[in-house]
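Hello,

Here is the structure for you to open. My notes on the salt bridges and the interface follow below it.

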Amino acid sequence: MIEVKNLKKTYDVKRRDGLFKSHRETIEAVKDISMRIDAGQIVGLLGINGAGKTTTIKMLTTLIEPTSGTYSFDGMDAIVHPAEVKKQINMIAGGERMIYWRLSAYENLWYYGQLYGIDNSVLKQRIENLLKMVGLQDKANLPVETFSKGMKQRLQIARGLINDPKYIFLDEPTIGLDAVVTRELHDEIKSLAKVKEKGILLTSHYLSEVEELCDYIYLVNNGELIVEGTKKDLTDFVFLRNQYVFSTKGMDKNVYNGLKRHVRNVDNDAEILFENGKAMITSNVELSTILAGFAIQESLTIVELHKMEPSLEQAMIKLSKDMKKEAEREILYKSLVG
Amino acid sequence: MELKVLKATITKEFQVRLRAYPVSFMVGCILTSFYTTFGAWLMYHYFFRGQLSESFGSLTGTRDYMSYAIVGSLMYLFVVRTCLNVSRTLMTELWEGTLESLMLAPFRRVSYFLGNMLLQTITTFGETSIAALIGVLFGLRIHDFNPVGFIIAVLLSLYCFFGVSLILGCVMLYTRNTYITQNTLFTAMFLVCGITFPKEYLPMWLRVLGSIIPVTDCVSLMRASLLGGFPQDQMVKLVIRAFVIGTAYIALGMPLMKKVEIIALEKMEG
């Protein structure tokens, strides 16, 4: 199990003020992040750009040292023993990085295998299996520079599995991949976690990907953990109000006004909009039976009545908008006070 | 040291160079050696009119200026090519986007750098041999060949240049700059390390600077093994001094490289 507590990373950076002037500034890339990854679990790390996802991954992969906080890797202090951690982890990043373009696919995997000290007989078999898994067995001896973007990404995935890691860090792994390859990769990620019991941390901009794959999600913003939980926990956190779509046969302005009065009797704060012959209702109250009761009372035939399930994507968009508003409010407040 | 990593790095670098050998760069380096030799030849024949001061002979142990300058420029070519390529390895990894994946692997850096150094040595030997043939046309003559001294000079030069490469590599990776760093260092080496004239002609502070760069002693040692004129005890002194300075560079360079790697990875955050 990987467990980090109160992880923090600050950078001392030099900012240019002009041609010859500069000043030093301390940037808090990660302020306070605590999380945990269990074997066999796919954990999502979500956040808008600059939230601190990549810095967090770099600390977890021991590429950079945290400024403060603790990092336990299967009971071992990972900050003290980074070399031991490196043997049991790997990272797959999006894009076309992390592979040598002038080497062939086979040569790339062979070289990385040597760096991990894998026995040659084991390595040969593993390379063949990995190339088969990512569908590059027929292109094994071609230089990577002749590969398409998708092929390079697939090779990167094979590279990330070369040392048979116990924990895998996937940083936007499906960027640039077509739908078919993405589907295959998703299946592979699920199999790695559920069949091979590997712990996986996934960051992605594709929220559908996170929704589909992740057992547990951490949402970070501005270097801090905002919320954690399952997909449902997160959407519930953002969408505390229920959303309904309601329409009946012959629904006109009169019916709509009657509905408005009926709903407001139950929840005075409910928001009701009339669009394209449908009523869109947002309320803190459970309204399904109230809306059905209205139709019976008015002898109307219900065409549509359903409670909308918010997607994680909607939750993220709403959350980032809320945070932007909050930041703007804070700036305004400071300018007024100070 | 991990032999597996050393062998793999040599193989990988060989494969890369086989596919994308920078021929124009190699020609450029040989041309630099040619221009240095040609410049020295012009100066010697048309500016000094073949006249050398008495002090030159007493300081260098030879009266053959052209051989003195050509051996110096060949050593300069050797140091530039090895140092340049070894020190730039991590910068190249950074440019090619492979630095992170490399740093993720749990191997000892010394094997990686030595692998790069050894392959570069083979290439540089080839390039220096071509430059040496050009040098013969300008008057390079081997007066007093000392095979043992030559082997020691080659091995010690490799050892010392490895140390210089590490330090240079640290500066490059830290500043994320290769051109200003390498050109400043190589120009300084050309001036203070006795490449085409004895370092004793320089003011004291520049001589001190030259004496802390191991290239100076390696060049003197190579000249002594090819041109003679150096007493045995002085050669032993040179060997010991070069070894000590080279060791200091390596001892400082290895841990410093580790720190600079981390800084480079942090800088990748922007």
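B:Lys199 and B:Glu200 form a salt bridge, with their closest N and O atoms 3.6 Å apart. A salt bridge here is a side-chain nitrogen of Lys or Arg within 4 Å of a carboxyl oxygen of Asp or Glu. B:Lys199 is buried, at 17% relative accessible area, whereas B:Glu200 is partly exposed, at 32%. (Buried is under 20%, exposed over 50%, partly exposed in between, with a 1.4 Å probe and protein chains only.)

This is a predicted model: local features need pLDDT of at least 70, side-chain atom pairs count only at pLDDT 80 or more, and totals for chains, interfaces and linings use all residues. Residues are numbered from 1 along each chain as its sequence is written, chains are lettered from A and ligands numbered from 1 in the order written, and side-chain values use heavy atoms, without hydrogens and water.

Over all chains there are 23 salt bridges. One of them joins A:Lys166 and A:Asp74 at 2.6 Å, N to O. Both residues sit in loops of chain A, so the pair ties together parts 92 residues apart in sequence. A:Lys166 is partly exposed, at 39%. A:Asp74 is also partly exposed, at 32%.

Now the interface. 33 residues of chain A are in contact (heavy atoms within 4.5 Å) with 28 residues of chain B. Three salt bridges cross between the two chains. A:Glu107 pairs with B:Arg19 in a salt bridge, the closest N and O atoms being 2.7 Å apart.

Best wishes

Technical notes: Helix = DSSP H or I, 4+ residues; strand = E, 2+ residues; numbered from the N terminus.
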